[in-house]
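Visitor: I am new to this structure and would be grateful for a close look at its aromatic rings. Please take me through them in order.

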Amino acid sequence: MKLRYSLPLFLVSTNITAQERPNVILINADDLGYGDLECYGAKNVQTPHVNELAREGILFRNVYSCAATSTPSRYSLLTGEYAWRKPGTDVAAGNAGMIIRPEQFTMADAFKSCGYATAAVGKWHLGLGDKSGMQDWNAQLSASLGDLGFDYHYIMAATADRVPCVFIENGMVANWDSSAPIEVSYEKNFEGEPTGKDNPELLFNLKPSVGHDMSIVNGISRIGYMKGGGKALWKDENIADSITSHAISFIEKHQLQPFFLYLCTNDVHVPRFPHERFRGKNKMGLRGEAIMQFDWTVGQVIAALDRLGIRENTLIVLTSDNGPVVDDGYQDRAEELLNGHKPAGDLRGTKYSVFEGGTKVPAIVVWPAKIKESSVSDALISQIDWIRSFASLIGARLPKGAAPDSQDHLNALLGQKSDNRDYVIGLAQDHTLSLRTPKWKYVEPSKGPSSLSWAPGVETGYRDEDQLFDMLEGDEYHNVSTSHPEETERLKTLLQKERNK
Ligand code: NG6
Ligand code: CA
């Protein structure tokens with residue numbers, strides 16, 4: 001079987017002049033699965049705004065994030081370096097020091113070098129400040145996104161299930177409350193502060209199913225301990241509104257110049273606690289409503305671009321950081337209420353896994369000025385290549401050593417058939433690597449467990465032997481490594497070479 005392409009009617013010329021440089025919005029959802037959107041086949045939830053983007057642009061069916069969890073996925077996306085090359089890029093605590101170092105070249109730097117206004121809004125999860133655990137949360141942080149090429153940033157330090165539960169604007173806690181100075185620890189609780197473990201009666205919004213039993217904020221217990229915050233503490237039901245409104249004000253402010261907006265939603269990560277206006281609107285409960293809320297954010301952004309008359313020359317890329325997971329540590333009934341919904345579609349595996357469900361993610365690219373016809377692409381694409389592809393789009397020159405693993409595949413991203421990656425590399429939660437070509441997927445041996453006690457329902461895919469799957473058979477159930485020893489050896493060597501680069 002050959003890969004299929006349905007091409008836009010007008011192939012895109014990628015030689016654009018400085019005047020034609022589009023605004024670029026990269027919408028990165030959290031834990032949104034390959035099967036979670038209506039345009040990817042979801043039946044139990046409506047996603048009209050994302051569908052609209054898919055109708056106007058290209059819907060990709062073979063796009064991979066670089067890792068099956070957030071921190072390494074985002075690290076790779078923003079730097080063009082595989083996270084597994086760099087120690088300390090696993091799922092970060094809320095008090096991790098900044099993982100991408102100021103001297104590294106980032107996607108934001110590429111845009112900035114071409115005169116773009118740049119911003120990051122929403123989930124960050126790549127550390128802040130010079131050193132882990134040493135941040136002073138009541139003053140300007142010693143290192144933040146301004147050192148990584150972002151002019152404006154309004155972010156959550158880590159995840160909604162990790163302290164500190166506050167937004168940080170341009171390196172300082174937003175709405176900081178002088179009467180409630182903030183302290184954070186991932187080692188021990190602060191005297192007299194309640195925890196989910198000791199004070200379950202205070203959990204009036206959500207209770208944990210696994211872990212997540214430390215500090216309580218807004219009636220939900222989290223990972224890590226914090227004290228203070230006062231009026232700076234977020235309300236989970238307002239997180240999407242805060243992220244969306246700050247993204248839109250950035251767009252409004254920079255409507256006349258090219259801008260790059262890295263917009264990371266908290267949806268659909270745990271704790272799922274969407275705004276009241278979505279409550280009771282989906283039969284899958286909180287997880288379905290969080291998907292609706294994600295779609296709402298997308299709709300608000302589209303509406304703002306329309307209102308400002310800048311949609312035509314805005315390139316939107318919509319994707320997710322890793323695959324979906326249903327029970328990720330809170331009692332939100334996501335599993336019981338699936339009603340037949342398959343968050344990863346027909347893929348095997350989920351977030352954390354080495355299987356396709358871990359890293360194959362939805363991806364839609366829209367650019368009305370250049371992409372005239374809607375289409376579907378099966379090009380094999382990795383998010384690792386986006387930094388160089390965007391650089392090529394806007395004519396940015398990357399310094400020596402920057403984005404070492406990234407290749408320019410702009411043509412693939414804009415729907416031209418010529419450009420397929422030879423292979424994509426995926427990183428599972430326990431560091432097991434896989435290498436997938438258009439036909440094969442090789443998974444290296446791993447001593448990791450086949451399931452995870454802290455995330456029930458996850459099939460990791462780890463086995464203490466080589467695994468080879470024939471992806472054209474669409475199948476990750478039959479390990480054919482023994483019947484295809486040469487292929488196994490070839491891909492294994494390829495992966496080894498990549499690792500030793
Ligand atoms: C896990 C958390 C999970 C989630 C994940 C990171 C527990 C039991 N599980 O350790 O809830 O926060 O880390 O998700 O604590 S990610 O999408 O940001 O990578
Ligand atoms: Ca994630």
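Guide: F260 has 0% relative accessibility and therefore counts as buried, where buried means under 20% relative accessible area with a 1.4 Å probe and protein chains only. The model is predicted: local features need pLDDT of at least 70, side-chain atom pairs count only at pLDDT 80 or more, and totals for chains, interfaces and linings use all residues. Residues are numbered from 1 along each chain as its sequence is written, chains are lettered from A and ligands numbered from 1 in the order in which they are written, and side-chain values use heavy atoms, with hydrogens and water left out.

Across the whole structure, a search finds 15 aromatic pairs; rings of Phe, Tyr and Trp (its six-membered ring) pair if their centres lie within 6.5 Å, and planes under 30 degrees apart count as stacked, over 60 as edge-to-face and the rest as tilted. One of these pairs joins F111 and F260: the ring centres are 4.1 Å apart and the planes lie at 10 degrees, so the pair is stacked. Because F111 belongs to helix α3 (residues 107-113) and F260 to strand β11 (residues 259-264), the pair ties together parts 149 residues apart in sequence. Helices (H or I, at least four residues) and strands (E, at least two) are DSSP runs, numbered from the N terminus. F111, at 0% relative accessibility, also counts as buried. Ring pairs link F111 and F260 with Y116, W124, F150, Y262 and F390 into a cluster.

How values were computed
Buried means under 20% relative accessible area, exposed over 50%, partly exposed in between (1.4 Å probe, protein chains only).
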